[in-house]
Amino acid sequence: VKPYDYEFSEFLLYQNSVYKEAGKNKECLEHLEKYEKQICDQVSIMEVKGLKDKAEKYYRQLIDRNPSNVNYYTGLVKVLELSTDEMITNLYSDCIEKYKYSHAPKILRLQVTSGDTFKQYAGDYIKHALRRGTPPLFLNIRPLLKDEAKAKLLEELVLDYKRNLKEHGKLSQDDENKEPPTTYLWTLFFLAQYYDHFRKLDIAIQFVKEALDHTPTLIEAYTLEGKIYKHAHNLQLAAKLMDEARSLDTADRYINSKSAKYQLKVDDIDKAEETCAMFTREGVSAIDNLNEMQCMWFQTECAASFLRQGKIGEALKKCHEIDKHFTDIIEDQFDFHTYCMRKMTLKAYISMLRMEDILRSHPFYFKSASLAIQCYVSLHDNPITETEEDTEVNSDGLNAKELKKLKSKQRRAKKKAELKEEKKVDSKETNDKKKVDENSEPKIDPKKLVQISDPLDQAIKFLRPLQNWSSQRIDTHLYAFDIYYRKGKFLLMLQSLKRARNIDSQNPQLHINIVKFALAFAAKADLNNAVSQVIETELKVQLEGMKLSDFNANFMERNKKSIAHQCAGAEALNILNPSATDDVIKLCCSLSYDRIERDLPTCIKTYANLQNGVFGKVSESVMEDYRKRCSQLFPLATVFQDNQTAQKTNEVVSSLSELSVK
């Protein structure tokens, strides 16, 4: 063997990893001792030696090489058998003293301390970051906010810093030197992020506006303000603020992408395409180039936007394009087989194969598949005929003359859009030097995607990968129930309910599905006897041995502090007893809950359900009363604003459009 035979070294490391994965630590260590001199990767050698009983030396060597690896510190704690938080804290303090510029031991020490000790260490950490102007400071300490006591201490600490800076120009009154103005700026920025995290949006807005008054050109402050308004469900203003941040640095690809994403959230697809076109290839439309580059975040947001607009065909087109990206990635792996075998990079090769095995568990695929399922379920409930396909405006309440005028306007708009698309295609053909492959797959036609006879069967094609690779997510089984409920497949419905119940037995939508399933089964008289017996037995488990009405009442009593669960109980009550309108409205319209400021999405959904008749027939006065009470709780949310407030918001948005950076 050559002195530095990397190929043979990779082979030995792979052989060693097989022992390790099989749990044969003794054989793994013996193999390493035998071939250690022939292995080039010293880090891998020390990581394997960490399996030994007395491995402190090797973990300390690993930390010396990479002081930012959290796993090395936790491994050192394990081999030293440190049993108390005080002992672990002392170890991390020694590491901080030795590795002064390492971030990992400082955060780990904050995780194991509490009370005044935590406050002291957190103060040292935050002070250093504020002085240096570290924008990711909040992201670094965000995991600590799960502990309410630590979250309260951090709030008091930073508010105290703000007060001292404003009054004395120092973070602490005991400090000798005054702080530069940027320290106050980043303190405001941190507080805005903190209150946004806990959805105290009115306070967060105050701090971020003060930060912008302090430094009007801080891009991070504009992006944060846009994020806060997004959480407040004021999407138009959020998109304008993000676009303002983009205009401050037009060479920043990240801010450009963020701006485009927010524009898609307000369904301004043309504007988002123009924004992305600043960084795409010239001579090709941005949409085509982003598809070619497999830019899946853009396509998923486009699909969601089209779905909100009711353009089911366009939404499905984007979902199918994303599905094709994943298929292409799987097929492209064959290019690496011979290369990896020839280079003998076996560990990397096996890692790639394992990644390919679970590729469709990626969040991008889950989101696109979820959107596709929603589209196909919508097509099943409301089929689109060829004449209805291009109708995108509600024609209810229009007389014959107005309807004729509307359709004429739509035909002109469609023709104009087709001419625009033809110009894009012509431009692409003239500027693109590569000839189109005659064997290339035909383009996906949105019209054909909506003109299908089996939308639920098409939905199942997207559902199966989710069941295989995202079975740990409850939404997978809720989607499965929606499909099989419409197909009348009782055993598959039951399977979906059982799987969902194993993940979260108190999920609001699952509760509604159990009620719907029990009623559907009671109304079904022609089921096979064996199937009926199985369902009856399992249904008792699902209902916990109670009657449906008692099951629903027990669910609401068990979750009486949650607005989402109370609304689910109200919807179930309306299904069970449509005449109990007063009780249903009382349940779903109540807003007397703790931390209601964090339930804005639920309130928006409830308001939409009131308008759509999900809770039965509801009077206009009830809906208006609910809107007014919500507008007091969530004054920034446009969905609850009256006409006068909405007009003021539009004026703010318009004024932002006219801003220019001097």
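**Figure 1. D267 sits in the loop that joins α15 (253–265) to α16 (269–276).** Helices here are DSSP runs of H or I with at least four residues, strands are E runs of at least two, and both are numbered from the N terminus. The phi of D267 is near 65°, a positive value in a residue other than glycine. Most residues other than glycine have a negative phi. D267 counts as partly exposed because its relative accessibility is 27%; buried means under 20% relative accessible area, exposed means over 50%, and partly exposed is in between (1.4 Å probe, protein chains only). A quick note on what you're looking at: this is a predicted model, where local features need pLDDT of at least 70, side-chain atom pairs count only at pLDDT 80 or more, and totals for chains, interfaces and linings use all residues. Residues are numbered from 1 along each chain as its sequence is written, and side-chain values use heavy atoms, with hydrogens and water left out.

**Figure 2. H233 lies in the loop between α13 (219–231) and α14 (235–248).** Here too phi is positive in a residue other than glycine, with H233 near 65°. H233 has 29% relative accessibility, so it counts as partly exposed.

**Figure 3. Helix α19 (residues 312–332) packs against helix α22 (residues 363–381).** The angle is about 145° and the axes are 9 Å apart; axes are lines fitted to C-alpha atoms over the stretch in contact, and angles run from 0 to 180 degrees between N-to-C directions. On the α19 side, look for residues including I312, L316 and F326; they meet a set in α22 that includes F364, Y365 and L379. Contact means heavy atoms within 4.5 Å. The residues of this contact divide into 13 nonpolar, 3 polar and 1 charged (Ala, Val, Leu, Ile, Met, Phe, Trp, Tyr, Cys and Pro are nonpolar, Asp, Glu, Lys and Arg charged, and the others, Gly among them, polar).

**Figure 4. The structure holds 16 aromatic pairs, and here's one of them.** Rings of Phe, Tyr and Trp (its six-membered ring) pair if their centres lie within 6.5 Å; planes under 30 degrees apart are stacked, over 60 edge-to-face, the rest tilted. This pair links helix α19 to helix α22, 39 residues apart. F326 counts as buried because its relative accessibility is 2%, and Y365 counts as buried at 1%.
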